[in-house]
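Okay, thanks for coming, everyone.

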Amino acid sequence: MNVNYDINEIIKQFNFSGNFIKAEPYGFGHINSTFCVYFQKGDCSIHRYILQKINTNVFKSPENLMENIENVTAHLKMKIMASGGNPNRETLIIVTTKDGKSFYKSETGDCFRAYIFIENARTYQLVENPKHLYNSGKAFGKFQQLLSDFPAEKLHETIPDFHNTVKRYETFLKSVEKDVKGRAIEVKDEIKFVMDRADDTKVLLNLLKENKLPLRVTHNDTKFNNVMIDDITGEGICIIDLDTVMPGLSLYDFGDSIRSGAATAEEDDTDLSKVGISLELFENFTRGFIETAGKSLTDMEIKLLPFSAKLLTFECGIRFLTDYLDGDVYFKIHREKHNLERARNQFKMVADIEAKFQQMEAIIGKVCQ
Ligand code: ADP
Ligand code: GN1
Ligand code: MG
């Protein structure tokens, strides 16, 4: 990793306990740089923390971002304790800096934060056990319920227009026009795929404007690898990656969960014959989500659940393709055409959702009857 900071110096800034042993790059996030840091206590036991370099290209105001996370985690902690849960395991706990702040800003402007490491649980890139996805549905639905009384006006918009699909489409068109890397010629079919579906980008936003969908406090990045699955019980023990908790639609959270959790292949799998939606997994997630969030969902929200899966997958594909056209400036990539491969993968998933749409509607009918 090409870095201009000394991780040992950064670690000294936080209220970690014990003697520092080592720090290792960790996880598969596309945005922040995550490290697992190991410490040893007097009794020789080893414990870990998560340390993250905040991506300030994406999150322009780390102050606002961390204020959101402080407020959201405090709210979650209060609710979890009130219901007899264990807040040390069921929500993120910020480790403060030596001067009592929720993040550290270095002289070069790099921003870091730290969390208690949630042990005996892990995240998965792909669902290995359908029960885990059902449990992740329960966990994301519960997360929405726990935040249903959070004062939305307290939240900063950490990324403006994050799920504004109309703006995402306009940005994409501009990138096609500018074509800064001369890549548009190579992706003509993908550009057509997006343009053919332009009308889809307006559907939810129009309904929101007409007050036919309620604005809620939502997570907005409900990838399957943003829920920690307990190693023993298999429960979705903790929702992580709270950077994009903002006012949004519950359909954003549902749709993005299906995009990643009900996929039959990883998001960047280049063998497109493997890529699609599993109806079994779709049903699993839906059952879990409806169990915890179902009562508060309106008929309109329920009706649009299958569409949201298509739209959020489409949105993500548009974002990957836009980033490819822009020269890979947003998402971390690990190979030259990574963003293009991701976009193609997402579009294959969109096509598969289109083909299975009626079956998805039937599943919603069955689960929500
Ligand atoms: P990004 O925003 O880059 O996706 P995340 O906050 O999702 O970063 O963290 C990346 C990975 O680090 C997660 O998928 C998870 O495996 C791990 N992780 C994050 N927070 C914790 C935590 N508090 N305890 C244990 N693992 C964590
Ligand atoms: C990013 O941070 P991570 O890897 O959980 C992105 C999501 C995308 C996702 C696609 C802040 O999520 O919006 O859906 O990649 N997060 C941000 O895998 O842009
Ligand atoms: Mg993440």
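**A walk around the model**

Let's start with D189, which sits in helix α6, residues 188–196. When I say helix or strand, those are DSSP runs, helices being H or I of at least four residues and strands E of at least two, numbered from the N terminus. Before I go further: this is a predicted model, where local features need pLDDT of at least 70 and side-chain atom pairs count only at pLDDT 80 or more, while totals for chains, interfaces and linings use all residues. Residues are numbered from 1 along each chain as its sequence is written, chains are lettered from A and ligands numbered from 1 in the order in which they are written, and side-chain values use heavy atoms, with hydrogens and water left out.

Back to D189: its relative accessibility is 65%, so it counts as exposed. The cut-offs here are under 20% relative accessible area for buried, over 50% for exposed, and partly exposed in between, with a 1.4 Å probe and protein chains only. The C-alpha of D189 is 9.9 Å from that of R344, although 155 residues separate the two along the chain.

You'll find F289 in helix α9, residues 279–293, and at 1% relative accessibility F289 is buried.

Now the metal. Which residues coordinate the magnesium ion, ligand 3? N226, through OD1, and D241, through OD, at 2.2 Å. N226 comes from the loop between β8 (216–218) and β9 (227–230), and D241 from the loop between β10 (236–239) and β11 (246–248), 15 residues apart. N226 is buried at 4% relative accessible area, whereas D241 is partly exposed at 25%. Donors are N, O and S atoms within 2.8 Å of the metal (3.2 Å for Na, K and Ca), and water is not among the atoms, so sites may look incomplete.

Next, the second largest pocket, with about 450 Å³ of space. Of its 17 lining residues, R168, T171, T322, D326 and Y330 are the closest to the centre. For the record, a pocket is an open set of points on a 1 Å grid over the protein atoms alone, where a 1.4 Å probe fits, with protein on both sides within 12 Å along at least five of seven lines; lining residues have an atom within 4 Å of a point. The volume is the space filled by probe spheres set on those points, which are joined across faces, edges and corners.

Where does the pocket lie relative to the domains? Domain 1 (7–119) and domain 2 (130–367) both contribute to the lining, so the pocket lies between them. Those bounds come from an automatic or database domain assignment. α5 (165–178) and α11 (305–326) each give at least two lining residues, and α11 has the largest share, with five.
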